[in-house]
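Here are my notes on the model, as numbered points that you can follow with the structure open beside you.

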Amino acid sequence: MVGASGQGVNSIGAIIAKGLKRSGYCVFGYREYPSLIKGGHASYQLDISNQRIRSTETKVNVLIALNHHGLELNMEELKPGGIVLHVTPGWQFPEHHQKLIAERSLRVIYFPVDDILDRLGARAILSNVLLTAFVWSMLDQDLDALKSLVGEKFAKKKALLELNMRCIDEGFSFVDPEQGRISVALPPPDTDFAGHLLITGSQAMGLGAVHAGVRLYAGYPMTPSSPLLSFVAELENKTHMVVKQAEDEITAAQIVSGAMYMGTRALTATSGVGFDLMSETLSLNAMIENPTVFVLAQRPGPATGLPTWTAQSGLLQAANCSAGEFTRCVISVSNSQDAFDLMPVAFNLAEQYQISVIVLTDKQIAEALYTQQPYDLETAEIDRGRLVVDPEKLKLLKSSDRFDPHAKSGVSLRWLPGSEAATYCAQGDEHNSMGAVDESSLNTKSQMEKRLKKFHGLKAGFPAPHLSICGRSATTTDWMDTGDEIELLAIGWGSTGDVLQDVMCSDELRGAEDRLFALHLSLAAPHRRTSEIGHAVETHRPGGAELSGAVGHAHQDGMRHGYPG
Amino acid sequence: MNVALQTRPPALSEYYSETKCIWCDGCGNYGIWTAVKYALVELNLHPWQVCLCYDVGCNGNGSDKIEGYRFHGLHGRVIPFAAGAKLANMRIPVIAFAGDGATFSEGIGHLIHGVRSNYPITFVLHNNTNYGLTTGQASSLTPQGQSMNTSPNGIPEHTLASMELIFSLNPTFVARGFSGDIKLMTRILKAAIQHRGFAFVEMLQACPTYNHFATHEYLLNKYFDANADGHDPSNLQQAKALATQVQDRIACGILYQRGDIPHFYDRLIPRQGVETTCVEEVRRYDVSKYWKELA
Ligand SMILES: Cc1ncc(C[n+]2csc(CCOP(=O)(O)OP(=O)(O)O)c2C)c(N)n1
Ligand code: SF4
């Protein structure tokens, strides 16, 4: 679906996606749009299969153009035998497109949206429903299923509902006068998918955060982190969470820090330069050993860059930005599965080590629509680390327990304001065990070492990166068995992981199953060492897979269980 | 404010900290520090029942000179941190302290939105009319033309009208104290901590080391207790006039208070009727009911 922003490209995509998913297809929705509200050129691509798919193809079978710009810009993307559906009256294809139509045997259908709308006395906005219904009939799908889907949306608006239903009837029964009825054969459905969710990465992350016990969310809008803010806000009356749109990112980060210091679980998300503004708070949290989780939704380009496009460009920013040195953890989500699963993991790690955890995502994950198995709600644990809440134990505490430099792994006991116990100071200046300022070299050394020591515990607990052979999960033994046979090892992290999986499973690579490996990393810091990855690849040694700070694919490797307790 | 009933009342000594004070002789911070302890004890609060948040500056160096759950953070940022802490646990009084540099320069946006949001916290401004800790630079509250550390020819900017700004933000509590009058400060702080909303408390603070224009003696001669003079804090116009007209005499005391405006937390629809705090609510949630619409 292509057209201008504001024409409803997304709503057509979303409704067809939901309908097809309910019919038993795995759909993957991918959105592209420029940073403007009306106009420009936007697209919504749906990939449809009866098998698991996790990304988009670059070529398409059907192009639905809501304006002639879409025709001008996207014709090249059609596969041979493809269909062009457009709504531009009297459109004359330029010569090079006529050639393309002939060469690739494309079928062109003009759908007279305006005429039908006139006849129905309906407003232009309903062209989406007309088109959706026509596409629905092309896909040989059930009329009533579409009606009930649209009905759910307008259940409360009777008058609108009736008009929508008439549009569905009209669109569904439209037959092209020249080409007759057109049918696009889909493979047989797999009913398994019918029970799945259709979810964006942002929604998955929001649900994961709520599941993990997050009770306060503060954020400032910045694409591609904004959908997460909107989603938690949308849910606030149901979750009873405190959701706060802050005046800036500094505020959001500080509110979250204050809330975490007090003892709840709180979250913020931002992108690029917004994270720059939060980095002072990151440093502060390291000094006061305050657990926090930041979501960094990466965007390409420095400064404002390319706000609505995707890239994995924030890795070094997340791993390195700070005043001074300290232990932090950077994990990156790869899809809607671990966007959910990694939220409890992030909070557990933050509390276990009393550090900041930065969760990387990007626009691809934030806005892509995934066909997602309902989440497992039984296994995630809430691990609050060395938090003391028992009244008897609280009474035994000394102020100096809070930042005790002798604490094992550098992680000392933590207790919350309001606890009937000895009090302490969460001190941004270098401080002694109870939080009083102490700038002596001896104290500085022991406190710095205490905070850096957490790195070792954190690192030691991570499982090896996930390895797969042509989409199948592999063990390091599989790797060893292949000896020198590895022809291609593709290494990815974050959203590229799923693309790699799809590439490895593609028809083009069939037959090469045993020689193509994908290595996927979800953990970016504590400092990953590229030299170690390189070494592992060069020697093909399974031992090499135990990379410094590298972890396996969360949902397949059981990352949750692999973390240190 | 809602803390557990105590059988044993708190003593001033509970707030005693072994960390030595490091302020200059005659610094106004000693007085403010003492008044804070008195106010907390008189409100029947033990150190473990309060959360004291400090900004960076000479005032912030008080963070380890008192007991209580304390936080000492970043320059200019104490208000949002304190607000976050309070929203997480509404049962604990949260008091934030900051200098005039932090409040009206580095963190002025936070102040504006703090008052505007009416967060249920107490904010204590240590106004020594300069940057103390960085050795006497001008703040935006230093009188125009005054020569300071980095402005040998006198600062060119005009002085920020702090109280006009505060009153433009529809505050719900405005008070002013003087570091030389501990009794007055104690009374103000007690009322501020009990206030339901953002309590803005300015403490005029002597800084004998860098402030030679508004000295302890100068302030002593000019300040007066407006409440003792019959000022009614519910009178907005009078409060504003008293707060902003400081040429001849400086009005102190509780200048303005409104208790009928709901504070930030009270306005949160999702929290209405919820008895627990966000801190108590941390657990694993079944989110399947939230994904129904995604199926
Ligand atoms: C981000 C940042 N910028 C600058 C500083 C340096 N600094 C420390 S205290 C201070 C000013 C303190 O003045 P004020 O807030 O009025 O407090 P006072 O020392 O007078 O009590 C500055 C600029 C800092 N700590 N952090
Ligand atoms: S510089 Fe001023 S404010 Fe700072 S300690 Fe000395 S007298 Fe007090």
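**Notes on the predicted two-chain model**

1. Let me start in chain B, where B:R176 has B:G253 of β8(B) as its bridge partner. The strands concerned are β5 (residues 173-178) and β8 (residues 250-257) of chain B, which pair in the antiparallel sense over four bridges. Strands and helices here are DSSP runs, numbered from the N terminus, with at least two residues (E) for a strand and at least four (H or I) for a helix; two strands count as paired if DSSP finds at least two bridges between them.

2. A word on conventions. This is a predicted model, in which local features need pLDDT of at least 70 and side-chain atom pairs count only at pLDDT 80 or more, while totals for chains, interfaces and linings use all residues. Residues are numbered from 1 along each chain as its sequence is written, chains are lettered from A and ligands numbered from 1 in the order in which they are written, and side-chain values use heavy atoms, with hydrogens and water left out.

3. The pair in point 1 belongs to an open sheet of nine strands with mixed pairing, in the order β15(A)-β2(B)-β1(B)-β3(B)-β4(B)-β6(B)-β5(B)-β8(B)-β7(B). Its edges are β15 (425-427) of chain A and β7 (223-225) of chain B, each pairing on one side only. With direction ignored, neighbouring strands of this sheet are turned by 20° against each other on average.

4. Now to chain A as a whole, which has 21 helices and 20 strands. Of its 565 residues, 59% are buried, meaning under 20% relative accessible area, with exposed being over 50% and partly exposed in between (1.4 Å probe, protein chains only). Among contacts in chain A with a separation of 6 or more, 74% come from residues 24 or more positions apart; a contact means heavy atoms within 4.5 Å.

5. How confident is the predictor about chain A? The average pLDDT is 88, and 88% of the residues score at least 70. Please take care with residues 539-565 of chain A, where the pLDDT is below 50; in the model this stretch has 97 contacts beyond near neighbours in sequence. The pLDDT is the predictor's confidence in each residue, from 0 to 100.

6. Strand β4 (residues 60-65) runs parallel to β5 (residues 78-86) of chain A, with five bridges joining them, and A:I64 has A:L85 as its bridge partner. Between β4(A) and β5(A) the chain passes through helix α2 (residues 68-74) of chain A in a right-handed crossover. Right-handed means that, with the strands pointing away from the viewer, the path from the first strand over the helix to the second runs clockwise.

7. On from there, β5(A) pairs in the parallel sense with β6 (residues 107-110) of chain A over four bridges, and A:V84 is partnered with A:V108. With helix α3 (residues 95-103) of chain A, β5(A) and β6(A) make another β-α-β unit that is right-handed.

8. Chain A also has a seven-strand open sheet with mixed pairing, in the order β9-β8-β10-β11-β13-β12-β20. At its edges are β9 (242-245) and β20 (523-525) of chain A, each pairing on one side only. The strand β8 (residues 214-219) of chain A is parallel to β9(A), with four bridges, and A:Y217 stands opposite A:V243. Helix α11 (residues 272-288) of chain A lies across β10 (265-270), β11 (292-298) and β13 (356-362) of chain A, and runs at about 160° to β11(A). Axes are lines fitted to C-alpha atoms, for helices over the stretch in contact, and angles run from 0 to 180 degrees between N-to-C directions.

9. Some backbone details deserve a look. Most residues other than glycine have a negative phi, and most peptide bonds are trans. A cis peptide bond, with omega about 5°, joins A:T223 and A:P224, and A:P224 sits in the loop between β8 and α9 (226-239) of chain A. Positive phi values occur at A:D140, near 60°, and at B:T129, near 55°. Are these two residues buried or exposed, or in between? A:D140 is partly exposed because its relative accessibility is 44%, whereas B:T129 is buried at 12%.
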